[in-house]
Amino acid sequence: MTEYSVAQNFDQYFKIKFANTKALRQEAFKIRYGVYSAELGWEPPNESKMETDECDEYSYHCILEHRSSGMYAGCIRLVIPPSNEPELKLPFETHCLDSARKEVVDTSTLPRGGFGEISRLAVLSDFRRRPNEKNRPYILDESTTGNVFSVEEQRNFPNIAMGLYLGGLALAEMCNHVGIIVMMEPRLNKRLKRFGLPFKQIGDEMDYHGRRAMFFLDRKDFEKELTPQLMELYQIIQNDLKEQIFLLPHTNLLES
């Protein structure tokens, strides 16, 4: 029997896209609104039905396309304050800096513009239907319900968050970052660690849309511990993003 491949199955049904145009970025903002505002109530409603903040102006965005339907299933962003505008803040610096464990990693010593934060992970409810689990913007368990998608497609739903995180990490690698900050649930970190992503907790747990903590992934540690299946998926996503970015007709990655 052929061994099940997380990477090949994920790639069969989903594709990570670099949101380099205003229209594609707005698709990400609509997903975020649908999850964070309309569904979970974490952000206030608005007439545009797009959820945005000041960090979006200096972020790179990825969206996840469901190949057979053309629907955009999820999104994530990599926030990068420009080195020539050091006053611009990362999200954790605005909301979570008081929880930082500076004795583990002091982010103030990292080069401005040389590190970023992955944030705003969101997956539409159609792609994370599950029993007995609410108030979460993505799926972590292996159970799904509903008959909109095939059983094989639903099997990939728990890997959507993983694929989106790998998209953010691929962008960070292309930007030559020294490391990445993520605010996430400790249970998500446990899942990522099982796949070989050695995020280090650098902040105390706090109540920020649920129990979350600050984590850091040093670039020199990335790829060292990835499982073969996750490395295969990362390489697929990285190659897809590189092809999309390097084929752009200009050097500025973000089109107005």
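## Cavities, pocket and salt bridges in a predicted model

The residues that line the largest cavity divide into five nonpolar, two polar and three charged.

### Enclosed spaces

Rolling a probe the size of a water molecule over the atoms shows where empty space is left. In this model the count comes to two cavities of 30 Å³ or more. The largest cavity holds about 80 Å³ of space, and its lining is made up of Leu 169, Ala 172, Glu 173, His 177, Gly 179, Ile 180, Leu 217, Asp 218, Arg 219 and Phe 222. At least two lining residues come from each of helix 5 (160–174), strand 5 (179–184) and strand 8 (211–218), with helix 5 giving the most, namely three residues.

The second largest cavity holds about 50 Å³ of space, and it is lined by Phe 10, Asp 11, Phe 14, Lys 15, Ile 16, Leu 233, Ile 236, Ile 237 and Asp 240. Here helix 1 (6–13), strand 1 (14–18) and helix 7 (228–246) each supply at least two residues of the lining, and helix 7 gives the most, with four residues. By class, this lining has six nonpolar, no polar and three charged residues.

### The largest pocket

About 390 Å³ of space lies in the largest pocket. Its lining comprises 24 residues, and those that lie nearest the centre of the pocket are Tyr 36, Ser 119, Arg 120, Met 183 and Tyr 208. Helix 3 (91–95), strand 4 (115–123) and strand 5 are the elements that give two or more residues to this lining, and the largest share, five residues, comes from strand 4. The lining of the pocket has 14 nonpolar, three polar and seven charged residues.

### Salt bridges

A search of the whole structure finds 15 salt bridges.

| Salt bridge | Closest N and O atoms |
|---|---|
| Arg 67 and Asp 11 | 3.0 Å |
| Asp 56 and Arg 77 | 2.7 Å |
| Lys 220 and Asp 218 | 2.8 Å |

Arg 67 forms its salt bridge with Asp 11; because Arg 67 lies in the loop between strand 2 (59–66) and strand 3 (72–79) and Asp 11 in helix 1, the pair ties together parts that are 56 residues apart in sequence. Arg 67 is partly exposed, with a relative accessible area of 37%, and Asp 11 is likewise partly exposed, with a relative accessible area of 26%. Asp 11 is also one of the residues that line the second largest cavity.

The salt bridge between Asp 56 and Arg 77 joins the loop between helix 2 (22–39) and strand 2, where Asp 56 lies, to strand 3, where Arg 77 lies, so the pair ties together parts that are 21 residues apart in sequence. Both Asp 56 and Arg 77 are buried. Salt bridges that share partners join Arg 32, Glu 43, Glu 51, Asp 53, Asp 56, Arg 77 and Arg 120 into one network, and Arg 120 is among the residues nearest the centre of the largest pocket.

Lys 220, which forms a salt bridge with Asp 218, counts as exposed at 56% relative accessibility, while Asp 218 belongs to the lining of the largest cavity.

### Strand 3 and its partners

Eight of the eight residues of strand 3 are buried, so this strand is largely enclosed by the rest of the structure. Strand 2 and strand 3 run antiparallel and are joined by seven bridges, with Ser 59 standing opposite Val 79 in strand 3. These two strands form a hairpin with five residues between them, and Gly 70 in the turn has a positive phi of about 80°. Strand 3 and strand 4 also run antiparallel, joined by five bridges. In this pairing Arg 77 stands opposite Ser 119 in strand 4, and Ser 119 is itself among the residues nearest the centre of the largest pocket.

Terms used. Residues are numbered from 1 along each chain as its sequence is written. This is a predicted model: local features need pLDDT of at least 70, side-chain atom pairs count only at pLDDT 80 or more; totals for chains, interfaces and linings use all residues. Side-chain values use heavy atoms; hydrogens and water are left out. On a 1 Å grid over the protein atoms alone, a cavity is a set of points where a 1.4 Å probe fits but cannot get out, and a pocket is an open set with protein on both sides within 12 Å along at least five of seven lines; lining residues have an atom within 4 Å of a point. Grid points are joined across faces, edges and corners, and a volume is the space filled by probe spheres set on the points. Ala, Val, Leu, Ile, Met, Phe, Trp, Tyr, Cys and Pro count as nonpolar, Asp, Glu, Lys and Arg as charged, and the others, Gly among them, as polar. A salt bridge is a side-chain nitrogen of Lys or Arg within 4 Å of a carboxyl oxygen of Asp or Glu. Buried means under 20% relative accessible area, exposed over 50%, partly exposed in between (1.4 Å probe, protein chains only). Two strands pair if DSSP finds at least two bridges between them.
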